[in-house]
Amino acid sequence: MRRVAYFFGSAAAAGAGTYVVVYLYRWQWQRAILCGVLLLVVEVMLLGIVLLGRLARIEERMRDADRRQEDVLARLREKEARPAVDRFRWLDEPTSRTYVFVPVLMVTGVLLSGLAWIVQRIASATARPTAERRLAGRLAVLAAPGPSRDADPNGMDDTRGRDDLDDLPPIGIGARERRGRTARVLVVSVVGAALLGALVMGLADLTQTREEDAKNSEATSLLLKVDMRGTNMTAERESLAAHQLWERCRDSTSVPLNRATLGTLGDGLFAGVVQPALTDHDRMRLRGCLEDTGLDRTHLTVVGIGDADADDD
């Protein structure tokens, strides 16, 4: 179940992030804000799922620890409740005389231990050190590397140049695995930072206002269609909504619009003319502002946009 939640949450986050970039490119700020809020909600949901999983595992470990503690306490109480057992009951039985042999065996063990100690001392005093040196030479390859010392001019050993074993580079399979893991994390971090930087720079390049060549035409004409949801949506309401959106989006272009007229064609269609003629970038900004969700239960679609000359009807 958790994997299914991770899958749908990741898919929703990817979709919301993608549409944030798309709507920012189209200059549709309201939709970009909505998708950004949805992205934050999905991220908080995924974080909550992860935290709940961690808390559940911690609670399970605490319950296991409590159960083990209760088992140990029950065993200790069982031991305390047991009656005292006489460990040396055989000494109190007068009918058995086998207890006499126990002190004899103990004294014999002490005597044998003393004899073995004497033999060991004699052997260590009379043995030659050649065998020990030969054995030490064979085991030298298995010894850890010793600390390096720099000779002092006065004949003393300088311990400042001594290298500790902890400072030596790790050698082995674990060290290679750690180096490989570090290299993978470094590569993933570099690639992720590069992709994020490329995304930010690309989005900034797409949405920035550029100096473009002016159009040879005198004006730009637009064909708009207004769709409204509701039972009392009359032609007057459609015209009012279209003019509200039109007046609000007059300031969305980089070039101030000296003239911006909007006329009704009927059946929810409207024709608009702006002067001077808009560049490609200003067209995208004006279209994005008009098609953005600015009014309740109102959706405006730019059917067509093109240049118009003075002699056009």
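Trainee: So helices (H or I, at least four residues) and strands (E, at least two) are DSSP runs, numbered from the N terminus. What follows H1?
Mentor: Trp27 does, and its phi is positive, near 60 degrees. Keep in mind that this is a predicted model, where local features need pLDDT of at least 70, side-chain atom pairs count only at pLDDT 80 or more, and totals for chains, interfaces and linings use all residues. Residues are numbered from 1 along each chain as its sequence is written, and side-chain values use heavy atoms, leaving out hydrogens and water.

Trainee: Which residues of H1 are buried?
Mentor: Gly9, Ala13, Ala16, Val20 and Tyr23. Buried means under 20% relative accessible area, exposed over 50%, and partly exposed in between, with a 1.4 Å probe and protein chains only.

Trainee: Switching to strands, which side chains of E5 point to the buried face?
Mentor: In E5 (residues 269-275), Phe270, Gly272 and Val274 do.

Trainee: How many bridges join E4 to E5?
Mentor: Seven, and the two strands run antiparallel. Strands pair if DSSP finds at least two bridges between them. Gly263 has Ala271 in E5 as its bridge partner.

Trainee: And E3?
Mentor: Six bridges join E3 to E5, also antiparallel, with Leu224 opposite Phe270.

Trainee: What does Trp246 touch?
Mentor: Leaving out residues up to four places away in sequence, its contacts (heavy atoms within 4.5 Å) include Leu222, Leu224, Val274 and Leu290.
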